[in-house]
Amino acid sequence: MDLSIAALLTQDGITNGAIYALLALALVLVFAVTRIIWVPSGEFVAYGTLTLAGMQLGKPPGTVSLLVGMAIVAGLLEVYVCIRRGEIARAPRRLLLWTGVPCVIAALVWWSAPLNLPFPVQVALTLAAVAALGPLLYRIAYQPIAEASVLVLLIVSVAVHFTLTGLGLWFFGAEGSRTPAFASASFQLGNVNVNVQSLLVVGTSAALIGVLYVFFGRTLYGKALRATAVNRVGARLVGISPSFAGTLTFAVAALMCAFCGVLIGPITTIYYDSGFLVSLKGFVGAIIGGLVSYPLAAAGALLVGLLESFSSFWASAFKEVIVFTLIIPVLLWRSLTTHHHEEDE
Amino acid sequence: MGILLRARRLSVSYGRVEAVHGISLDVSDGSIVTVIGPNGAGKTTLLSATIGLLPSRGDIDYEGASLTTLTVEERVAAGLVLVPEKRELFAGMTVAENLELGAFARRRSRDAMSALNDVYRRFPRLAERKTQLAATLSGGERQMLALGRALMARPKLLMLDEPSLGLAPLIVREIFSIIAGLKMAGVGILLVEQNARAALQVADYGYVLETGEVALEGPASDLATNPRVIDTYLGGSVPASA
Ligand SMILES: Nc1ncnc2c1ncn2[C@@H]1O[C@H](COP(=O)(O)OP(=O)(O)OP(=O)(O)O)[C@@H](O)[C@H]1O
Ligand SMILES: [Mg+2]
């Protein structure tokens with residue numbers, strides 16, 4: 001391997017790593033606030049790519065039906081809760097929020113798909129549609145059992161993962177999609193050839209991480225999520241309800257996954273079931289951070305990207321094996337260095 | 001003076017073990033009601049059920065309406081605020097962030113943060129340590145932060161679970177003078193205390209809770225001179241000036 005190949009592999013690795021980093025951060029966030037190990041995150045990545053691909057082909061993506069279906073289920077759940085609590089007067093507002101808003105987003109996507117709108121508008125609609133699926137999923141699958149143990153939540157997550165993969169096949173079909181590159185240009189930096197596409201991916205990830213940093217550090221809602229993560233009872237006592245925190249967390253996390261889907265689209269062909277492998281790489285990163293440390297998770301994800309890229313050069317058939325074998329020494333090291341607490345959070 | 005909180009036949013269980021057995025209790029506007037009793041009597045359990053952290057049987061009315069269908073967060077938004085025994089601060093966040101979050105339930109009102117200056121005036125120590133992490137505060141400072149965070153919600157009924165726990169006498173006096181000040185400002189207070197002497201001095205009315213039942217109740221000044229209370233909770237010595 002000469003220097004220029006190494007530079008190329010590094011560039012590839014960092015590009016993929018930046019995407020995995022977003023995913024790893026989303027996983028840490030979801031776990032910190034809700035204690036859910038969010039196995040189905042990969043499906044959201046796949047939905048992101050497939051939605052954008054659908055819009056580029058000018059046909060309404062499966063996300064439209066998925067959104068409407070989940071919005072109806074969530075709305076019915078909300079109405080049922082209102083009736084059971086004897087607060088029927090509140091039902092219309094809840095219905096508007098849980099069914100109305102997602103349906104409006106779905107309608108926008110459905111209506112605009114054949115119009116061949118400018119690329120940034122299509123991306124914005126894709127992000128909105130996939131982000132809206134997050135709170136709906138939380139409302140339907142997790143909120144009713146939010147107090148359950150981490151293990152029960154994990155089992156539900158696995159079930160949700162299979163369900164969403166199946167729904168993906170149903171709504172998006174079996175063919176894979178790849179979205180066109182954002183930019184094909186490249187330039188010479190010293191004697192390294194730099195892709196503008198890679199720069200865009202890394203830049204977008206970094207910018208999004210910056211936005212999240214400001215959100216969690218400066219805004220009341222961001223602080224409320226951190227508060228829930230550090231002390232659930234304390235958060236309730238100042239009026240932050242777990243279901244509010246969960247809903248907001250899933251919106252943010254789903255948005256991050258949708259970004260991953262948009263960014264990964266030009267790099268890999270994505271099928272309805274490709275998400276899982278992608279999310280596993282995010283998980284390796286997240287676990288390097290012990291599912292609690294954001295900087296370590298992001299660094300871990302970058303490492304995964306680099307390792308993947310170099311191992312595909314040396315032993316491309318074993319690239320996944322090498323990446324996932326990495327997790328074993330990391331887990332060993334973590335189990336030896338971290339203290340175990342009695343509580344499960 | 002209206003009744004702010006009215007509990008009737010309130011029972012609370014942990015699984016199949018009942019810890020509070022059908023007790024009744026009233027707190028009126030702008031008054032201090034204290035609940036004293038030995039360890040394990042059910043005082044913390046009573047407060048947890050009132051804020052909604054534990055399910056209970058019986059009736060609890062707050063400002064004339066039943067609380068039973070309200071969640072913890074809805075009770076907080078209605079002005080019912082608890083400083084719990086374990087404080088439950090946001091350890092990894094700064095003093096200022098803890099206080100800001102204390103006003104979370106009031107986030108929609110324009111003067112959400114209006115209590116901040118008041119809290120910093122009452123606890124200058126917190127103002128000096130705004131940017132310090134809650135986890136690094138001393139025990140006394142932590143109590144001040146817990147109380148300050150509760151005040152940020154502008155409570156109508158403030159429930160305090162052993163606010164003097166583990167504090168130096170000087171700070172205990174400070175905390176009790178703050179409690180008296182809050183009463184003057186019209187806040188109703190439900191005060192659970194091990195320090196029965198101080199509690200009965202500041203309170204208007206008192207309940208003695210023993211093994212989950214109200215063993216005695218009456219105006220605080222009567223309880224303070226009751227021989228049984230003096231024997232068990234005031235260390236057996238009659239206060240010099242009763
Ligand atoms: N989580 C729990 N599970 C089971 N039993 C509990 C639980 N919490 C408290 N209890 C029991 O309920 C009873 C009342 O406890 P509680 O904490 O209310 O007492 P307390 O009056 O606040 O005591 P202290 O003055 O020591 O704080 C005790 O017998 C206690 O062991
Ligand atoms: Mg107690």
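## Helix α8 of chain B and B:Gln201

A helix is here a DSSP run of H or I that spans at least four residues, numbered from the N terminus. In this predicted model, B:Gln201 is found in such a run, helix α8 of chain B, which comprises residues 196-202. With a relative accessible area of 68%, B:Gln201 is exposed, because the cut-off for that class is over 50%. The residue B:Thr232 stands 31 positions from B:Gln201 in sequence, and the two C-alpha atoms are 16 Å apart in space.

## The shell around ligand 1

Ligand 1 is surrounded by 13 residues, the closest of which are B:Lys43, B:Thr44, B:Thr45, B:Glu85 and B:Gln194. Helix α1 of chain B, residues 43-51, supplies the largest share of the shell, with three residues.

Polar contacts to ligand 1 involve several side chains of chain B. An N or O atom in the side chain of B:Thr45 is 2.4 Å from an oxygen atom of ligand 1, while a polar side-chain atom of B:Asn39 lies 2.8 Å from an oxygen atom of the ligand. In the case of B:Tyr14, an N or O atom of the side chain is 3.2 Å from a nitrogen atom of ligand 1. Taken alone, ligand 1 exposes 640 Å², and 58% of that area is buried by the protein.

## Burial along helix α1 of chain B

Helix α1 of chain B is mostly covered, with eight of its nine residues buried. The buried residues are B:Lys43, B:Thr45, B:Leu46, B:Leu47, B:Ser48, B:Ala49, B:Thr50 and B:Ile51. Just after this helix, B:Gly52 takes a positive phi of about 100°.

## Positive phi at two arginines

Most residues other than glycine have a negative phi. Against that background, A:Arg35 has a positive phi of about 65° although it is not a glycine. A:Arg35 lies in the loop between α1 (3-34) and α2 (41-57) of chain A, and with a relative accessible area of 6% A:Arg35 is buried.

B:Arg9 is also not a glycine, yet has a positive phi of about 45°. B:Arg9 is found in strand β1 of chain B, residues 3-14, and is exposed, with a relative accessible area of 52%.

## A:Ser309 in helix α12 of chain A

Helix α12 of chain A, residues 294-314, contains A:Ser309. At 5% relative accessibility A:Ser309 counts as buried, because the cut-off for that class is under 20%. When residues up to four places away in sequence are not counted, A:Ser309 touches A:Leu9, A:Thr10, A:Asp12 and A:Gly13.

Key
Residues are numbered from 1 along each chain as its sequence is written. Chains are lettered from A and ligands numbered from 1 in the order in which they are written. This is a predicted model: local features need pLDDT of at least 70, side-chain atom pairs count only at pLDDT 80 or more; totals for chains, interfaces and linings use all residues. Side-chain values use heavy atoms; hydrogens and water are left out. A residue is near a molecule or strand if one of its heavy atoms lies within 4 Å of it. A polar contact is a pair of N or O atoms within 3.5 Å; within protein, one must be able to donate a hydrogen and the other to accept it, and residues adjacent in sequence count only if both atoms are side-chain atoms. Accessible areas come from the Shrake-Rupley method with a 1.4 Å probe; for residues, only the protein chains shown count as cover. Buried means under 20% relative accessible area, exposed over 50%, partly exposed in between (1.4 Å probe, protein chains only). Contact means heavy atoms within 4.5 Å.
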